[in-house]
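Have the structure open beside you as you go.

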Amino acid sequence: MKWFNAGPRKSRARRHYLVSTAGQPNWGDEFITRAWIRFLAKSDPDSEIWLDCPNPSHSSLLLKDEHPHLHVVNTLWQLVWNTSDLLDDSEAAAQKIRGWIRDGGTPREDFGIDLLRSMDTVHLLGGGYINQLWKANVLLLVALAQLKELNPKVLLYGTGLGLAPLKGIDLFLARTSLTAFDHMSVRDSRSADIAGTERGFDDAFLEIANTGSDWLEQNASARAFVCLQQDVVGRNPKAVKAAVDSLLLSGVEKSEPIFLVEAIPPEDSWSLDLFKDQWPGEVWLLPFSHLWNYGFPNAADTVWISSRFHMHLLGACAGARGIAMGFGNEYYDIKHGSLMDLGTGWANLDVSVDHPAPVSATASSKFPAESLRIARKKKREANQLY
């Protein structure tokens, strides 16, 4: 019997495994995940890209055109969720995770674990998802440290991570697991202390390096933007009054329209009716879908008020005057503080006090140029890894 000769066997494409919190969707997480996938589409278009995220169906839709060989799963996230009965016993949860990575034994996830073991690189993308607020996510670090012990050839990366606050056994598990990583960068000084490294930069800067100014929607139809969340900090009606008074103090005319920006749909629209009651002019909702399809809004003399970190970062990169709204929340104080340390020049408005006084939006004229320098540094980091 004569067998068909298929010719020389092609070498296996490299396999890159990315881990992020994409898919809710949440603007910052999606922006970062897209940035890395776009980077890999240019730098390694023949590679297999496996994205592990909590909501694969949403991410598949949002990212379907970004890389020719993109696959989306939730293996590592499902393993973390499988330990939910041990939320108050982090060490026991860590032992379970180590055992599953080493030996399998989770029938629904074993195929995914086998795939994970075959990767050339595994990369925790940037974001603030590993900390005491979501302490179970420390198990992602534990899982990858066990993977490295099982397969020393796999390269483990973490970039632009925010790891603070962390304490107790969860801090211990994070620090001991981080020693297994081949590369680790973080975006704030508290996280740098935890990881034993120098402070780096948020991964959103990579998209600025990837696209130049294409991440911006030029000539937006209004110049005043507000993003007030309810997740993590809760609904705070005082924040609406403080925002309205601060917009007026910042030179936004009563007759001008304002946009309420939806970073997480539909949760971020919670204050729409309150703004319509309190703002003299028109109030429009800027939905996540518009942000995703057309880019980050930009107009002459833009004014931002945001409780969200990535609206602060990107607004400052675009040259907007802004106000970072705080709620007396350590997690967000660290995040916004890291950007102020970089020199965004934005004002701070603390609405956790009984009678928050309005402030005027400010900016540093030097920060847009500084952001381009940071973006080039982030691109060099990416080139070193891939």
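**Exercise 1.** Find which helix and which strand each supply at least two residues of the lining of the second largest pocket.

*Solution.* Start with the elements: they are β6 (183–186) and α15 (367–385), where helices (H or I, at least four residues) and strands (E, at least two) are DSSP runs numbered from the N terminus. This is a predicted model, in which local features need pLDDT of at least 70, side-chain atom pairs count only at pLDDT 80 or more, and totals for chains, interfaces and linings use all residues. Residues are numbered from 1 along each chain as its sequence is written, and side-chain values use heavy atoms, without hydrogens and water.

Next, list residues: the lining includes His183, Met184 and Ser185, along with Lys377, Lys378 and Glu381. Then sort the lining by type: two residues are nonpolar, four polar and five charged. Finally, the volume is about 200 Å³.

**Exercise 2.** State how much space lies in the largest pocket, and which residues are closest to its centre.

*Solution.* The space comes to about 660 Å³. Of 33 lining residues, Thr21, Gln24, Asp29, Tyr129 and Trp134 are closest to the centre. Among the elements that each supply at least two lining residues are α1 (27–43) and α14 (330–342). By type, the lining has 16 nonpolar, eleven polar and six charged residues.

**Exercise 3.** Locate Val232 in the chain.

*Solution.* Val232 sits in the loop between β8 (224–227) and α10 (237–249).

How values were computed: On a 1 Å grid over the protein atoms alone, a cavity is a set of points where a 1.4 Å probe fits but cannot get out, and a pocket is an open set with protein on both sides within 12 Å along at least five of seven lines; lining residues have an atom within 4 Å of a point. Grid points are joined across faces, edges and corners, and a volume is the space filled by probe spheres set on the points. Ala, Val, Leu, Ile, Met, Phe, Trp, Tyr, Cys and Pro count as nonpolar, Asp, Glu, Lys and Arg as charged, and the others, Gly among them, as polar.
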